[in-house]
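I am opening my notebook on a new structure. I will look up one thing at a time and write down what I find.

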Amino acid sequence: MKTISPGIEQKIAAIVAELDLRESVFCFGMNAESNARFKAADPRLPTFATTSGFRGWDLKRPEDFSSALADPEIDGLWINFLPTPEQVEAARTAGKRLWMYVATDLEQLQAGTRLPLEGLCSDLILDLLPE
């Protein structure tokens, strides 16, 4: 979600519930207040913290990564860095989903494919396909 407008979280939550898409979507990129509004609208709607800006965290810092994993208000992490195998395991142990975004670093994207992440998002996905 890129734009916050009054009541948007409730509207999105209602549409997701109506179309039975809770297992197919998650909300990320917003601030903690918006996350709370999503959870108030539908506690079953998955919400994610992003690498930076969410609660002032920088998830590249181990202490902030750990704080995010302990936060009961988020269901997963949307990160833009290659996590360590230990971080991946910690996320799994905490019951958090872990998605990685890679803009243009093909080596990082390839490394991400070797980790047991929930998913990868990139502008380079087509570069991984055989010719």
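Is Arg-22 buried or exposed? I looked it up: Arg-22 has 14% relative accessibility, so it counts as buried. The cut-off for buried is under 20%. I also note here that the model is predicted.

**Entry: the partner of Arg-22**

I searched next for a charged partner. Arg-22 makes a salt bridge with Asp-42, and their closest N and O atoms are 2.6 Å apart. Arg-22 sits in the loop between H1 and H2, while Asp-42 sits in the loop between H2 and E1, so the pair ties together parts that are 20 residues apart in sequence. Asp-42 is at 4% relative accessibility, so I put it down as buried. There is a third member to write down. Arg-22, Asp-42 and Arg-44 are linked in a network of salt bridges.

**Entry: other salt bridges**

How many salt bridges does a search of the whole structure find? The search finds eight. I remind myself of the general idea: side chains of opposite charge can pair when their charged atoms come close.

I picked out the pair Glu-9 and Arg-37. Their side chains meet in a salt bridge, at 3.1 Å from N to O. Glu-9 belongs to helix H1 and Arg-37 to helix H2, so this pair links distant parts of the chain, 28 residues apart. I checked how covered each residue is. Glu-9 counts as buried at 2% relative accessibility. Arg-37 counts as partly exposed at 37%.

Then I took Arg-55 and Glu-73. They form a salt bridge, with the closest N and O atoms 3.0 Å apart. Arg-55 is in the loop between E1 and H3, and Glu-73 is in the loop between H3 and E2; they are 18 residues apart. Arg-55 is partly exposed, at 38% relative accessibility. Glu-73 is partly exposed too, with a relative accessible area of 39%.

**Entry: backbone angles**

I stayed with Arg-55 and looked at its backbone. Its phi is near 55°, a positive value in a residue other than glycine. I wrote this down for a reason: most residues other than glycine have a negative phi.

I found a positive phi at Asp-20 as well, of about 55°, and Asp-20 is not a glycine. Asp-20 lies in the loop between H1 and helix H2 (32-41). With a relative accessible area of 61%, Asp-20 is exposed.

**Entry: the sheet**

In what order do the four strands stand? I read the order as E1-E2-E3-E4, in an open sheet with parallel pairing. Strands E1 (48-50) and E4 (119-122) are at the edges with a single partner strand each, so one side of each has no neighbour in the sheet. On average, neighbouring strands are turned by 20° against each other, direction ignored.

I then went through the pairs. E1 pairs with strand E2 (residues 76-79) in the parallel sense, over three bridges. Thr-50 has Trp-78 in E2 as its bridge partner. E2 and E3 also pair in the parallel sense, over four bridges. Here Gly-76 stands opposite Arg-97 in E3.

**Entry: two faces of a strand**

Which side chains of strand E3 (residues 97-102) point to the buried face? They are Leu-98, Met-100 and Val-102.

The C-alpha atoms of Met-100 and Pro-43 are separated by 24 Å, and the two residues are 57 apart along the chain. Pro-43 is in the loop between H2 and E1. At 60% relative accessibility, Pro-43 counts as exposed.

**Entry: cysteines**

I searched the whole structure for disulfides and found zero. For Cys-27, the nearest cysteine sulfur is that of Cys-121, 15 Å away. The cut-off for a disulfide is within 2.5 Å. Cys-27 counts as buried at 9% relative accessibility. Cys-121 counts as partly exposed at 29%.

**Entry: a surface patch**

Last, I looked at the surface. Ile-15, Leu-19 and Leu-21 form a nonpolar patch there, with about 260 Å² of accessible area together. Of these, I placed Ile-15 in helix H1 (residues 8-18).

Definitions and conventions
Residues are numbered from 1 along each chain as its sequence is written. This is a predicted model: local features need pLDDT of at least 70, side-chain atom pairs count only at pLDDT 80 or more; totals for chains, interfaces and linings use all residues. Side-chain values use heavy atoms; hydrogens and water are left out. Two strands pair if DSSP finds at least two bridges between them. Axes are lines fitted to C-alpha atoms, for helices over the stretch in contact, and angles run from 0 to 180 degrees between N-to-C directions. Patches are made of residues with over 30% relative accessible area and no salt bridge: like charges are joined within 9 Å, nonpolar side chains (Val, Leu, Ile, Met, Phe, Trp, Tyr) within 5 Å. Accessible areas come from the Shrake-Rupley method with a 1.4 Å probe; for residues, only the protein chains shown count as cover. A salt bridge is a side-chain nitrogen of Lys or Arg within 4 Å of a carboxyl oxygen of Asp or Glu. Buried means under 20% relative accessible area, exposed over 50%, partly exposed in between (1.4 Å probe, protein chains only).
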